[in-house]
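Work through the exercises below with the sequence and the structure at hand. Each task is followed by a worked solution.

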Amino acid sequence: MHARMAALAVLIAAAAAARLLPHPPNLTPIAAMALFGGASFSDTRAAVAVPLAAMLLSDLFLGLHATIPFVYVSFLLITGIGVWLRRAADGTLLRTRRAVPAIAGAAAAGSVVFFLVTNFGAWATTALYPKTSAGLWAAYVAGVPFFRNTLLGDLAYCALLFGGFALMERAIPALRLQPVPVPGR
């Protein structure tokens, strides 16, 4: 399991480092890191801590802003979607949720979560919008042009992270998740 955790951490760190490269607005690996971490680490604490630490480190280089708490809340919610991808109701690994359509759907859901939470944050923490329902609506409308890049980035980075790690698991058996027996079965 140590080799798996190390490989996952390296992939997430590489994705976080990609945030430091020039890119179009919102075409970043933020949600993909959260989703991949939630879906790939067998320990939920690591699923939250490793991507969050990588995110924080890259944010220290990029700079902090008023909506950072909202970005991190969306990040945690998206990690929860990743944990859902990883677990069935009885706590066992559910392979069908790791299929391409499930991952793509989870990535799209993560994009929507990020859009809703961070645009709410822009409305709540900046003077750009009046603190009315019309102001909130204006904040969401202003965010629509950025949603396309958010969705494209989330889908592309999820393909890289999930696909890249699946290839690594095939090549290196020590990276494969070992089945965990369910107590009482």
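Axes are lines fitted to C-alpha atoms, for helices over the stretch in contact, and the angle between two of them runs from 0 to 180 degrees between N-to-C directions. The model used here is predicted.

**Exercise 1.** Describe how α2 packs on α6, and state which residues meet.

Solution.
Step 1: the angle between α2 and α6 is about 35°, and their axes are 8 Å apart.
Step 2: the crossing of α2 with α6 is right-handed.
Step 3: on the α2 side, the contact consists of Ala-31, Ala-32, Met-33, Leu-35, Phe-36, Ala-39 and Ser-40. These meet Asp-154, Tyr-157, Cys-158, Leu-161, Phe-162 and Phe-165 of α6.
Step 4: sorted by class, this contact has 11 nonpolar residues, 1 polar and 1 charged.

**Exercise 2.** Determine how α2 is oriented relative to α3, and list the residues in contact.

Solution.
Step 1: α2 and α3 pack at about 155°, with 8 Å between their axes.
Step 2: angles over 145 degrees count as roughly antiparallel, and α2 and α3 are therefore roughly antiparallel to each other.
Step 3: the handedness of the crossing of α2 and α3 is right-handed.
Step 4: Ile-30, Met-33, Gly-37 and Gly-38 of α2 touch Ala-47, Pro-51 and Met-55 of α3.
Step 5: the α2 contact with α3 comprises 5 nonpolar and 2 polar residues, with no charged ones.

**Exercise 3.** Find the relative direction of α1 and α2 and the make-up of their contact.

Solution.
Step 1: helix α1 spans residues 2-18 and helix α2 residues 30-40; their axes come within 10 Å and cross at roughly 175°.
Step 2: that angle makes α1 roughly antiparallel to α2.
Step 3: Arg-4, Leu-8, Leu-11, Ile-12, Ala-15 and Ala-16 in α1 are in contact with Met-33, Phe-36, Gly-37 and Ser-40 in α2.
Step 4: the classes in the contact of α1 with α2 are 7 nonpolar, 2 polar and 1 charged.

**Exercise 4.** Characterise the largest pocket: its volume, its lining and the helices that supply the lining.

Solution.
Step 1: the largest pocket holds about 630 Å³ of space.
Step 2: its lining has 28 residues, and Asn-26, His-65, Val-71, Phe-114 and Thr-118 are the ones nearest the centre of the pocket.
Step 3: at least two lining residues come from each of α2, α3 (44-62), α4 (68-86), α5 (100-125) and α6 (133-171).
Step 4: α6 gives the largest share of the lining, 7 residues.
Step 5: by class, the lining of the largest pocket divides into 15 nonpolar, 10 polar and 3 charged residues.

Key: Residues numbered from 1 in each chain as written. Predicted model: local features only at pLDDT ≥ 70, side-chain atom pairs only at ≥ 80, totals over all residues. Heavy atoms only, no water. Helix = DSSP H or I, 4+ residues; strand = E, 2+ residues; numbered from the N terminus. Parallel < 35°, antiparallel > 145°, perpendicular 65-115°, else oblique. Contact = heavy atoms within 4.5 Å. Nonpolar A, V, L, I, M, F, W, Y, C, P; charged D, E, K, R; others polar. 1 Å grid on protein atoms, 1.4 Å probe; cavity = no way out; pocket = protein on both sides within 12 Å on 5 of 7 lines; lining within 4 Å. Points joined across faces, edges and corners; volume = space filled by probe spheres on them. Left-handed = near helix turned anticlockwise from the far one by under 90°.
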